[in-house]
Amino acid sequence: MGSVAALYRYPVKSMLGEAMSAVTVTESGFRGDRTHAVLDGTGAIGSAKHPRKWGALLRCRSRWDDRGSVRIVLPDGTALPAEDPELDVRLSALLGRKVFLSAVAPERSRLERAVPEYEGGVPDVVRESASVDATGTSITTGGVAPGTFFDFGRVHLLTTASLARMREVHPAGDFDARRFRPNLVVDTGGEPNFPEDTWPGALLRAGEALFRVVVPTPRCVIPTLGHDELPPDPGIMRAVAREHRVPVLDLGRLSCLGVYLDVLEAGTVRVGDTITLC
């Protein structure tokens, strides 16, 4: 069906992550993925889904070092280990309020999402419940997967076919895979359009690991933001909303690109490994 084109993990939620040539997959997802997050005193989990409040996190990079510690590179190039108390001071200065890095997801955490103006960005019933916060942003508030910093699925897969199709319908857009923060990018060769639309419920073998395809991945504002050398591109999600709105559970038709996976069998996945649908 294809092959593994790229592998990514993001040690700190909503910071830039790291590309890998191989990764160990556990029942909890890619080892080392989203093990940490930045929190504030209100219980909010730092997520660039609310750019006015947390967007500066995307100017930081997180990675695992050779000693098995998460290291954060700040916008000015300063690199600090996760356990350094100076890191919380620097992150607080960056975000303009007191925050701290945590490896523990609080029981009563909140994940805030800016509500996009275009149709299909959030379910209608959720849009109706939105409120305007202190930043002047219309937001919705939800949670994360219990005991984790994942929004929903443990592994996010994106296909080269979907990205190629979006480049066709919106040539002015910069559809670099990194904008969508996938874990697993699958090269589907000449497969047209959005092949993963037919995958939910199927089993997918990548290297030694076995996954179940769960649901399409609803998209938020994050792909429109600047990522490393990639500039902001506000047209990205409007194009996805026009071209690819699909049913998601009982939430209606949402703007989606990619699919979420659950892990059924652990193992190692490497760039170049064959992808097989079972």
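**Salt bridges, helix packing and cysteines in the predicted model**

The side chains of K53 and D40 meet in a salt bridge, with an N to O distance of 3.8 Å. Because K53 lies in helix α1 and D40 in strand β5, this pair ties together parts that are 13 residues apart in sequence. Both partners are buried in this predicted model: K53 has a relative accessible area of 16%, and D40 one of 6%. The pair belongs to a network of salt bridges that links D40, K53, R97, R110 and E112. A search of the whole structure finds 18 salt bridges.

A further salt bridge joins the side chains of D76 and R90, at 2.5 Å from N to O. D76 is located in the loop between β7 and β8 and R90 in helix α2, so that this pair ties together parts 14 residues apart in sequence. With 54% relative accessibility D76 counts as exposed, while R90, at 27%, counts as partly exposed.

Helix α2, which spans residues 85-95, has L87, L91, S92 and L95 as its buried residues. Seen down the helix axis, these buried residues fall within an arc of 135°, and they therefore line one face of α2. An α-helix has 3.6 residues a turn, so residues three or four places apart point the same way. The buried residues of α2 pack against strands β5 (37-40), β7 (70-73), β8 (79-81) and β9 (99-102), as well as against helix α1 (51-54). On the face of α2 turned away from its buried side are the exposed residues P85 and A93.

On the surface, F152, V214, L249 and L251 form a nonpolar patch, with about 350 Å² of accessible area together. One of these residues, L251, is found in the loop between β17 (245-247) and β18 (253-265), and it counts as partly exposed at 35% relative accessibility.

With regard to cysteines, a search of the whole structure finds zero disulfides. C60 is in no disulfide, as the nearest cysteine sulfur, that of C220, is 18 Å away, although a disulfide would require two such sulfur atoms within 2.5 Å. C220 is likewise in no disulfide, the nearest cysteine sulfur being that of C256, 11 Å away. Both residues count as buried, C60 at 0% relative accessibility and C220 at 18%.

Terms used. Residues are numbered from 1 along each chain as its sequence is written. This is a predicted model: local features need pLDDT of at least 70, side-chain atom pairs count only at pLDDT 80 or more; totals for chains, interfaces and linings use all residues. Side-chain values use heavy atoms; hydrogens and water are left out. Buried means under 20% relative accessible area, exposed over 50%, partly exposed in between (1.4 Å probe, protein chains only). Patches are made of residues with over 30% relative accessible area and no salt bridge: like charges are joined within 9 Å, nonpolar side chains (Val, Leu, Ile, Met, Phe, Trp, Tyr) within 5 Å. Accessible areas come from the Shrake-Rupley method with a 1.4 Å probe; for residues, only the protein chains shown count as cover. A salt bridge is a side-chain nitrogen of Lys or Arg within 4 Å of a carboxyl oxygen of Asp or Glu. Helices (H or I, at least four residues) and strands (E, at least two) are DSSP runs, numbered from the N terminus. The arc is that of the directions from the helix axis to the C-beta atoms. Contact means heavy atoms within 4.5 Å.
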